[in-house]
Amino acid sequence: MTVLCLLAIGLPALGGCSNNEAWRNFMFEPDYTLSGMQNDPAAAQNLQEFFEDDVAAIPAPENDKIEKEYAVSQQNELKARLLEKLHAEGYFDAQVKYIAGKEPWQGDFSVSPGTRYRLGKITLRGAKPDAEQKKIIATLDKFKNQPVVAEEILLALAEVSKQLDEKSCRFGLSVEHAVYLDRGAKTAELELTFSAGRKAKMGKVTFKGQKTVKDSYLEKLVNWQEGDCYQNRTVEDLRGALFQSGLFSSVTLDLPRQPARDGRVDVNVTVAERAHRSINAGVTYYSDEGPGLSLGWRHRNLLGGAELLEATLKLSAIQQSLQGRLTSPFFLRRDQKISATAEIANEETDAYDRRAIETGVAVTRQINKRLSLGTGINLSFSRTDDNATLQTENFGLISFPQTMTYDSRNNLLDPKRGWFIEANAEPFINTLGSASPFVRVGGTVRRYQPVGDDTVIAARAKVGSIQGASLTDVPAAERFYAGGSGSVRGFGYQDIGPERNGDPTGGRGLAEGSVEVRHRINEDYGVVAFVDAGSLSEDSAPDFSDVAVGGGVGLRYYTAVGPVRFDIAAPLNDNDVTADPVQFYISLGQSF
């Protein structure tokens, strides 16, 4: 507990925590039960999970003097929340009674749900929809005679509004709703008030409030031409693009009450810029690599057009590097960006020692919200001491990285659902010496699947292959390696795979996989259990006959910027491969 508090204090923006407060929160566990709902097991299970989450979210009392009054207020809040949930599931006559136990935080919430209401009539009022609009609204008929579940109906209403907006050019088009209960018949009537609005066209956009951001950049974010069909969604997309740029703390869109005489709708946008410069820092500790420090500086609006300049310094026992990157949006087209990088690095690993200067240019095109393609060219000059072959060589490598990325994760540091898929191919040409050209290809797939509200199953698979050259013709730093925090936990860094003279040689064929079960105990803490596996071979294809397997458990301390990770792992086979029987890992963010 103390280690995590100290680590949190050492990271920017995480804040501190006292041992007494951490201990009080950890030990606080109300003993409440929920009864009733026996006639509807599925609904009872749903309500039980909702109730348990609410109980787990109750913060510990700050001191013992107010504990009894505080407990009563939290019990009343739980009753109100249960009634809200029951009403949202169609139990509009439900009652909740609290029966106190012997202790302040002990008791039973007894539920009398009553009859579950079903949706009866759907009444349409207001303007008369045309045939296509009527067809869209009629999709709500599927809810007739079904239990009234608020979330499902609201989502369907949102989809109806979206479809109506996409298939019309009307300003002020809306579908308002109201629900009326028939207590005697135990039914609910859904009343829709339809407003067709006037035919309208997109007008001009004016911006105000910007200080350092250029108008030319803001105009590129506008995704319409004057005279285009008016759509609410198009206007909202502009708001999203402004926030997504990372340059503004607030965005206000001002629309007229009615379109102009010619049907045009002008949009006035008021923005407030956020601070464009920021610094960040990160601390890690891996028992196989030692402590690590990362320092970064960013300027998000270097030249007034959302140009991002980043400088990153990384220091650890095995790697020291300084990298600069400049990224500019709207390169030749609105869905494309270009970035240039330069880096100096020194690496001292068991496999090799390397000193290098690298530079590169990459162009990335955003195909849609989740899919992107990238191409580029990199140039590196390095001097590498290969510890396995005891040879020292100079390399001048030109490479052409090609990438495809699909990312539907809901969060980068702590994903709970979605996919991350990446495929890459990178041809290399050595301009110094006589080494053969080679191609490094690979792919990574990650899947995050929630199980209930508090548990996530995360899975990862990675493969790689080097074609066109023998192992010794491939520079040591460009080979694949396995073992360590980002690979197979429980094994030391670069410990998996073939060796020569007692040092790892790396390989041309790689396969790795991980499965991790993440369970969140409360708002601050979570636990994980994981198994990792990996294989590395000198051939270009992975050798699945010799797979190293490691496993372990971990603790997560959740902060505003992501979870602090503490993992402990050990080999589950091939124990003689790694020198240390147990490995520790501490860092910010999930393992993958």
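1. Which residue in the turn between S18 and S19 has a positive phi? Leucine 390 does, with a phi of about 60°, in a hairpin where 4 residues lie between S18 and S19. The model is a predicted one, in which local features need pLDDT of at least 70, side-chain atom pairs count only at pLDDT 80 or more, and totals for chains, interfaces and linings use all residues. Residues are numbered from 1 along each chain as its sequence is written, and side-chain values use heavy atoms, with hydrogens and water left out.

2. Helices (H or I, at least four residues) and strands (E, at least two) are DSSP runs numbered from the N terminus, and two strands pair if DSSP finds at least two bridges between them. Strand S18 (residues 371–386) pairs with S19 (residues 391–399) in the antiparallel sense over 9 bridges, and phenylalanine 381 has glycine 396 of S19 as its bridge partner.

3. S18 also pairs with S17 (residues 352–366), again in the antiparallel sense, over 15 bridges, and these two strands form a hairpin with 4 residues between them. Here arginine 354 stands opposite threonine 384 in S18.

4. A further partner of S18 is S20 (residues 402–407), which runs antiparallel to S18 and is joined to it by 5 bridges; serine 372 stands opposite threonine 405 in S20.
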